[in-house]
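Student: I'd like a close look at one part of this model, namely its charged side-chain pairs. Could you walk me through them?

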Amino acid sequence: MKKLEGYMAGVNLGGWLAQYLEGNLQRDPEHHFDRFITKEDIDRIADFGFDHVRVPFDYPLIEDDDKPFVYKESGFAYLDNCVNWCRAAGLNLVLDLHRAPGFSFNEPDKIVLFGDADMQARFLAIWQAFAKRYGGEGQNVVFELLNEIVEPDSTRWNKLATRAIAAIREIDQEHYILIGGIDYNNVWRLKDMPIFDDPKIIYNFHMYEPFALTHQHAAWTVAKDYPHSFVYPDDIAPYKEFVDFITKNGGRAAYDLQKKLNEGRERMDAGYVRAFLQPAKDFVLEHDLPLYCGEYGVIDFADCESRANWTRDVANFCLEYGIGRALWSYKGMNFTMLNKDGKALHEGLIQAAALH
């Protein structure tokens, strides 16, 4: 198995350069970008024992819609700073295009990227700009093409990803490129990804299951109206009741899979986690290619002990099969490791996330 050296235990910097509050940014952009993440945060992440960070960024950071193909040095400066801070702290980093021209994973009805030639040209040009700017870096930087692909099947994304690899390789033959599959990088969609003809591709999935635990009471999901909370590990019965409730109230088809995995199971514990992640194990054993879990985490409505227990079970699975991973998220974003005063919420959670 090809272990992802230097990318085994990371944390996301969500909410900094991606998914920031537009209103706050317009009122005081320097306050957010300059203060949300600083060199001190990077040093602290290294002190926690992590070996890398994943840095989500939205394309408006570097390109305006009314000036396509013109890149903003002011935006790139934040990424440059993070690269430099990480190098000084001994951390690697994944540069993750979280939102692209014509694409936002959380607005699926507005996605046009996969059928719009102009948007695709901008997407490819962004990655060529990154290849030119960071081509001189070593293996401390990985390029992640796009976050959580939303498409009914893999055909169009696979074609665009292939073009993006070629566009980067025209300039940079050395850096690893990270690519996930459809259905929000669902691990069960790894089978729909091609094995690209490039030795420096890392394959990617995200892990937020069981959803009842990881997204309990999340205001942006179908779980918001469910009155009960969840702990982990626990008896399976409350989780089965959640799946029944969601499916009766128009929940997504993915709950059919959860219902199947729950059958005959008495506990919601590491056994469920391993069953859900079986496709990741299959991928590693069949292909012997580097695999990465770019996001995993439990919302902070859950109790800290449950969050730590689940995080440890995912971490142990990944370590067993040489799979790198990055916890969502360092601060804020409803999945924080820190409280509002910047103190660690739970030492066990950080220790589990930093295992490598």
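Student: How many salt bridges does the structure hold?

Tutor: Quick ground rules before the tour. This is a predicted model, where local features need pLDDT of at least 70 and side-chain atom pairs count only at pLDDT 80 or more, while totals for chains, interfaces and linings use all residues. Residues are numbered from 1 along each chain as its sequence is written, and side-chain values use heavy atoms, with hydrogens and water left out.

The structure holds 20 salt bridges (a side-chain nitrogen of Lys or Arg within 4 Å of a carboxyl oxygen of Asp or Glu). Take E295 and R54, whose side chains meet at 2.9 Å, N to O. E295 sits in strand β10 (residues 291–296) and R54 in strand β2 (residues 52–58), so this pair ties together parts that are 241 residues apart in sequence. Those strands are DSSP runs of E with at least two residues, helices are runs of H or I with at least four, and numbering starts from the N terminus. Both E295 and R54 are buried (under 20% relative accessible area; exposed is over 50%, partly exposed in between, with a 1.4 Å probe and protein chains only).

Next up, D198 and R169 form a salt bridge, with their closest N and O atoms 2.7 Å apart. D198 lies in the loop between α7 (182–185) and β7 (201–207), and R169 in helix α6 (residues 155–169), 29 residues apart. D198 is buried at 14% relative accessible area, and R169 counts as buried at 15%.

Then there's D192 with R189, a salt bridge at 3.1 Å, N to O. Here D192 is partly exposed at 24%, and R189 is partly exposed at 26%. Finally, back to R54 and E295: salt bridges that share partners join them with D96 and E144 into one network.
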